[in-house]
Each structure stands twice: as structure tokens, then as C-alpha cells.
Amino acid sequence: MAWETPREDMCVYTQGEIDKWVYSTCGICSNGCGCYIAVKDNRIVGIKGNVRYPVNRGRLGPKGENQWWANNSLDRLTRPLIRNRSGTLVPASWNDALSLLVEKTKELLSAHGPESIAVYHSGQLYLEEYYTIAKITRAGLRTHHVDANTRLCTATAEWSLIQSFGADGPPACLDDLDVAEVIVFIGRNSNETNTVLWERVLDARRKRGTKIVEIDPRLDISQKMADLSLRPKSGTNVAVLNGLIHLLIANGWIDRGYIERYTVGYEQLERTAARYTPEVVEQITGVPERDLRTCAEWIGTSKTTVTVLLQGVYQSMDATAAASLVNSMHLIMGKIGKPGSGPFQHAGQPSSMSNREVGGAGFYPGYRNDENPKHLQEIADLWNVDVETLPVGPQTHVMEMLRLIEEGHIRMFWVIATNPAVSLPNRKRVIELLKQVFLVVQDPFFNETAEFADLVLPVALWGEKEGTMTNLERRVNVLRKAVDPPFGLPSDLELLIEFSRRMGFRDRSGRPLITYRTPEEAFNEWRLVSKGRPCDMSGMTYEKIERLGGIQWPCNEQYPEGKKRLYTDNVFPTAVDEAESYGRDMRTGRARTREEFAAIDANGRAILYGIDWSPPLEWPDREYPFWLNTGRNVFHWHTRTKTGRAPLLQLSAPEGYAEIHPDDAARLQIQMGDWVRVSSRRGEVIVRARLTDSVLPGMVFLPFHYGSLLEQEAANELTLDTWDQVSKQPHFKNGVCKVEKWLGREQDRDE
């Protein structure tokens, strides 16, 4: 276990004694830190870390410590809003709002069919709410148009695991970070995105001498604290990883016995990697040959290695290819399924794993493959519906939804707990498309997307409802309700259940499709649905989860208290009737047929891929000479809907900015704090310049959190609306731009 001693981080503001502390989980990053919510007079007044929780032992990051301020924000929505005939959003009763939602849904179903409705939701809801969304969309609305902002965050992690192992689920766990000899971070910047995890890694280095490798174009604090730093050019992850695999093979740092017994596809991987000599890799990526050799030696000669990935891989060129190469790197060394070793494909949001498990986006619940008649019949029997009524075929990812809106096929877009007007790429296009549909926004706050809504439904926040979340290591924890939501607001679950009731959704026996009324009842139904699948939670209960301090799946009769690591027996779910998907072609993204998957003959073995690097779709030129990179900072979470309402966080980072290398700034006569205009082929922003060697020469970095419609600082005004061919995750990290000193704002001030 990490940390020899606990530390109880706390952020509380109250007059008088706390009335009670309520067991919960932090609702910010995917670490899923255990915590207690402070309650005074039925109000949330603070938070403290849970010193007994194994993930964090009482520690909290700055965003986690300050998340509770949003619950008390004075601009919480109190009533539904309906856009009237004059185009103004006006307050409405709950009955009128839900009647409008049901009336519009029935009208579209009757006139245009299920494909006219799409649901786009979040990675920050609770498992029980995702499961209900999955059931309502598939068995109620009978549409495959359901996706979540996990598409922007964790879709590549999911697909790389499916491609390599046959099913989702990270093999490694947080305990592996405590005992690994080498920890490799790729595109992670843990110091800002996951401060508690980063502190844990630093603690491991202090106690055990763990070597930390950082692979990322930005020289952020994590890079500066690493033992070895590799800074590849944007869009070159596949070349770097092929280069590492080339050196592992060339130096004999692989386990040929493991390869022969437990994998298929090695010959293709070896042939491809042979082309990526250190000299070739340096030419493509800019990573010095000596650094690549050192990195490969550390990885190859260590007894234990963990590789941790996040958005620097997932939101970049050939994302699934790169993430799958990390899996392959571990497989050819046999460093998987044992303490201190494994590829650790991370989620970014607090419950995006929950979303993937229960089918909230893409697949059917329990990692079931809708192309497999056996799996489809299983879910039809569990839900007691006719199998012929369940939608099958290609998953509709959110970028495809935008195209379908543009072509007039999708006419109602129901957005739940996310903010696409800020978070999706090529924002101008997104906003224009949001105006073309009947837009429903379900959120506690009037966010930027709600500005274009026809119907706004306010709901309860974290701490005001009950449910479960699964963190990045498959650990499920319960979040107890601490207070009643203000203004009598419903939870997302309550609202979804009421929608299903009013729609009259029923199973084939004539009973209501949704029979549960509480989160715990929903979880108990999900337990039965998960039984026998990789993400088996049939052995969990709310009481047991809280008593044990979270439980990692699978949890069943064989593993009554959960299982730390996957694939300890070197058996993978790649049998044809077990796999979550038949997979996709790595280069084109075309779905494999059942016959093509069977021909691979994996049948319990992991799958290796040989994948060549290909250049990014945009490349710096004379007009747009800079690489554009976007990402996060330590003070804010996604589009600031919650963190922007926390005083300390907002004061610490109140506005957008552009990081520019000092050499570029000198050439452009830009000084620290000057206003600059950063523009791409899609739009422009005007923000202050930060001169720093954190970025490479010829690169500009923008944080993506800032998206106010009143300010010109949204990074997604500039980003490219293309996506990875396999996972369909957008290329937020690949694009080009130009930078100019901007005097307009100073002139405005002088006037």
C-alpha cells in the first residue's frame, strides 16, 4: 500500500460544529479518492479525505478539495426553462417541462422514427444513471444514437483494451505503482491532471528508487521531476513506441516463451518495428537517439514496469494504434498480470469506467457485443424484451451525431451533464448545429450549451444523490447522499425514471421497462446483468462496498472481495463468443466481421499489431507555422461548470492563456502578458501570452477549460474536427495555428 502514514486533507467553511460527515467519493478526476462530505444545517460545507480508503489514504487534490463550493453557488438553476414562441427561455413547472419533453419525443418517434433522437451525456454521472440511460435508449427509444463525453476522454483506452485483449478493463492497478521499478507516463501530466496519483508515484520513488520516465511534448512539472524526459513532436507517438519495441526486440529484452504461448500477431509487430531504428525515430519525432536507447533499456531490463497513458495519446493522431502498441510492449516482455507490471490505460473522468461497463455509450451492458447474437439475446432476456427490437450496427459516436444533425436526420439532441458548446472541437460548427435541433440540456447550471436550448432541466449535484462510481483501477465505491437537493430538484436517475414512466415504456410482459425506484435497486438489477461478464459485480452490495473501502471487479463467488489485477492466468477474453467486440481494422477503422475475427484464432490469447506511423492531417506551413496543443491545468476541471464556481480555483486561474516558447516570442516581439491572437483555419482566440520553455519551439499550448460565449478564449475555436479511425476520439492534440501580437484590447482600454 502507498504511503506509510495517512494525511487527512480538509477544506471546510462553517460557523459552529459539523452536524455529520457522510461517506462518499471525490467526483472530479478518475482516481476516485475516498472522502467524507461535511454537512451543517442540511448544507454541504466542506470535504475531508478518507484516511482508511486505499486509493488516497486521506489525500485530496486542489480540485477535489474545492468541488463542494458549486453545491452552494447562488446561480444554481431552480426551475425548468422552456423557450417560448418569441425565442426567450422562461421558467416553467416540472409538469409542463416533462410534458414537453415527452410530447416532442413521441412526435419525432411517430414522424421520423428512433433515429431522429440522440442522447449525449457525461463521464461524471453515477453508474445507476448510466445503466438507466442505456436501458431507456436501447429498449425504450430503440435507438443506437447514444454517446457520452467519455468519447473525448477515454474511448481510446477502451478500444485499445478491446483490440489487444478482447474486452475493456485496465489490467493493472494503483498498487502496482508502489512496487514498479520503472513507471512510464505518456501524455499524462499527472502533476496537474491527477495530483494524488502523482504524489503516490513520488512517494514510491522516495522509498524504492523507482525510475520515472515522462514522454510528452510539454516540459511541464511532471516532466521536470522525471528521471528521464522524452519530448516527441506532436502526432508522433506511434513512431516513438515502435522505436522502443524495436530496441526491446533487438536487445533480447522480451519473453519469447510468453509470446508463443499467450499472443498472436508477433511476426507482424516484429516486421513493422524493425523499420524504426533509433536514427529513424529521431528524424520523425525529434527524440534524441541516446534518450530512446536509455528509455528502452530501463523498460527492458527492469523486473517490473508500469506504463500509464492519458490524453496525450488518446486525443492524438493514430490514438488507438499508439495505445495498443503500449499493450503490445508489455505483452512481448510478459510484464502483465503480475505485481508492479502492466499497461495502465487510464480514464480521465470520475465514472467513465462506469459508463463503459453498463453500456452508457457504445456497447451493450456488461461489455456485450451487439454483433454477437448470443450476447444480444442475453440482454433481451435480462430486460425481458424482444431481441428484434434492440438496435444493432455501428455505434453512433458524437462526431457522427453532428453530421447526422447537419443532414437533418437527428432532430432532437438530449444533452445530460456535459457542455458540448465548449468541449467539442471546431466550436463554431458545433454551435451552429446545436441551433438546428430541439435541444434539451439537463444540468444543475445554465452552461454555455444551455444558451441554445429549447428545454433546460435542472438536477441535483454530487452530494445530493446516491449511487456508485468505478475509478481508473476498476474500484467501485458508493457515494452516499449527504443533503437534500435545493429547490426540490430531482436527481438525474429520478428524472430518467419519470421520463420512462410518462413515455409508457414496457417490457414484453406489459410491465414497466424500469421497475426500480431507488439507486440501490438499480444497482441490484445491474449486478444480475453483469454476472458472468468480465466486469462482474454480482458479488457487490452497497453495504459491502462501503465496509471494504471500494471493491475492484470482478467481484463474484470466485473473488468475493474483488480482484486487483486482470489476466493473472494469462487467459484473455478473445474467444469469439466471449469478446466484447470483433474489433476494427487499425488503419481504416472498418469493423471486422465475425469470420475475420475468428480467422485471427486468438481464442484466449492477446492480439499484437504491427502499425506504421503516419503523419498528422495538418502540418505546420508558411501560413500556420505552429503546432497547436490543448490540455488541462491543475486548477480547473473540463469546462469549469463546477471549478469556475470555487473561489480559490477561479482566482488562481481566471482566464485563458497561450504558452509560447521564448525564442518564438522574441521573433514575434511578444512579451510576457501581452495579448496575442492565436488563429487556425477554423477560428481564433485572443488571450494573454505566457512565455515558457514548457512548450517546444514552434508549438503553442492552450488550456481548453475556458469557453465563455462572451470571451474569445475557447481553445476549441481552433481545434480540428477529425478523429481516430478506431476509437472515434477527436484529435484535440493535432492541428496547426499562427500567433500574432494583438493590440486591440489595449486600444479598447485606452479609449
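Okay everyone, let me start with a question: is Asp492 buried or exposed? Asp492 is buried, because its relative accessible area is 3%, and the cut-off for buried is under 20%. Keep that residue in mind, we'll come back to Asp492 in a moment.

First, a word on what we're looking at. This is a predicted model. The average pLDDT for the protein is 96, and 99% of the residues score at least 70. There's one stretch to watch out for, though: residues 747-751 have a pLDDT below 50, and beyond near neighbours in sequence that stretch has 2 contacts in the model.

Asp492 forms a salt bridge with Lys465, with N and O 2.9 Å apart. Asp492 sits in helix α21, residues 492-503, while Lys465 is in the loop between β17 and β18.

Glu464 pairs with Arg76, and their closest N and O atoms are 3.0 Å apart. Here the partners are 388 residues apart, with Arg76 in the loop between α1 and β5. Glu464 is buried at 4%, and Arg76 is buried at 6%.

Here's another pair: Asp147 and Arg151 meet in a salt bridge, 3.0 Å from N to O. Both of those are buried. And how many salt bridges does the count come to? It comes to 54.

Let's move on to the nonpolar side of things. The largest nonpolar core has 171 residues, and Leu244, Ile332 and Trp414 touch the most other members. Take Leu244: leaving out residues up to four places away in sequence, Leu244 touches Ile215, Leu292, Cys295, Ala296, Ile299 and Met329. Apart from that core there's another one, of 29 residues, including Met401, Ile405, Phe452 and Phe732.

Last stop, the surface. Met10, Val12 and Trp21 make a nonpolar patch of about 240 Å². Met10 is in strand β1, residues 10-12. Why do we call Met10 partly exposed? Because its relative accessibility is 43%, which falls between the 20% and 50% cut-offs.

Notes: Residues are numbered from 1 along each chain as its sequence is written. This is a predicted model: local features need pLDDT of at least 70, side-chain atom pairs count only at pLDDT 80 or more; totals for chains, interfaces and linings use all residues. Side-chain values use heavy atoms; hydrogens and water are left out. pLDDT is the predictor's confidence in each residue, from 0 to 100. Contact means heavy atoms within 4.5 Å. A nonpolar core is a set of buried Ala, Val, Leu, Ile, Met, Phe, Trp, Tyr and Cys residues joined through side-chain atoms within 4.5 Å. Buried means under 20% relative accessible area, exposed over 50%, partly exposed in between (1.4 Å probe, protein chains only). Patches are made of residues with over 30% relative accessible area and no salt bridge: like charges are joined within 9 Å, nonpolar side chains (Val, Leu, Ile, Met, Phe, Trp, Tyr) within 5 Å. Accessible areas come from the Shrake-Rupley method with a 1.4 Å probe; for residues, only the protein chains shown count as cover. A salt bridge is a side-chain nitrogen of Lys or Arg within 4 Å of a carboxyl oxygen of Asp or Glu. Helices (H or I, at least four residues) and strands (E, at least two) are DSSP runs, numbered from the N terminus.
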